[in-house]
Amino acid sequence: MVYIVTLALICGILGVLQLLYPEQFYMFGRRWMYKGNYELSGAGKFFVRLSGVVLIGISIYGFYSAIVEYLYR
């Protein structure tokens, strides 16, 4: 159960960061590929934010399943 809660917490944090800072989160670890300033397109920002929402959904599901497992054990 500890693993589920830990994974849910990590997914939640990453999801919130993707919603708040889509360009910085997308470029994390990829800046070395570009010489100048790189700007993410509108569609790119949308998909980064969409994946953030999916990660937050996974996080909520993980917390819910951990609570259900704890209550019905």
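Reader: Which residues of helix 3 are buried?
Author: In this predicted model, the buried residues of helix 3 are Gly44, Val48, Gly52, Leu55, Ser59, Gly62 and Ala66.
Reader: And what covers the buried residues there?
Author: The cover includes helix 1, residues 2-20, and also helix 2, which runs over residues 22-27.
Reader: How far does helix 3 reach from its first C-alpha to its last?
Author: Helix 3 takes in residues 42-71, 30 residues in total, and it reaches 44 Å between those two atoms, close to the 44 Å expected at 1.5 Å a residue.
Reader: Let me turn to glutamine 18: is it buried or exposed?
Author: Glutamine 18, which lies in helix 1, has a relative accessible area of 9%, and because buried means under 20%, glutamine 18 counts as buried.
Reader: What does glutamine 18 touch?
Author: Leaving aside residues up to four places away in sequence, glutamine 18 touches Phe25, Val48, Arg49, Ser51, Gly52 and Leu55; among them, Val48, Gly52 and Leu55 are also listed as buried residues of helix 3.
Reader: Now the rings. How many aromatic pairs does the structure hold?
Author: The structure holds one aromatic pair. The ring centres of phenylalanine 46 and phenylalanine 47 lie 5.3 Å apart with their planes at 70 degrees, so this pair is edge-to-face.
Reader: Why edge-to-face?
Author: Because planes over 60 degrees apart count as edge-to-face, and the planes here are at 70 degrees.
Reader: How accessible is phenylalanine 46, and how accessible is phenylalanine 47?
Author: Phenylalanine 46 has 49% relative accessibility and counts as partly exposed, whereas phenylalanine 47, at 52%, counts as exposed.

Key
Residues are numbered from 1 along each chain as its sequence is written. This is a predicted model: local features need pLDDT of at least 70, side-chain atom pairs count only at pLDDT 80 or more; totals for chains, interfaces and linings use all residues. Side-chain values use heavy atoms; hydrogens and water are left out. Helices (H or I, at least four residues) and strands (E, at least two) are DSSP runs, numbered from the N terminus. The expected span of a helix is 1.5 Å times one less than its number of residues. Buried means under 20% relative accessible area, exposed over 50%, partly exposed in between (1.4 Å probe, protein chains only). Contact means heavy atoms within 4.5 Å. Rings of Phe, Tyr and Trp (its six-membered ring) pair if their centres lie within 6.5 Å; planes under 30 degrees apart count as stacked, over 60 as edge-to-face and the rest as tilted.
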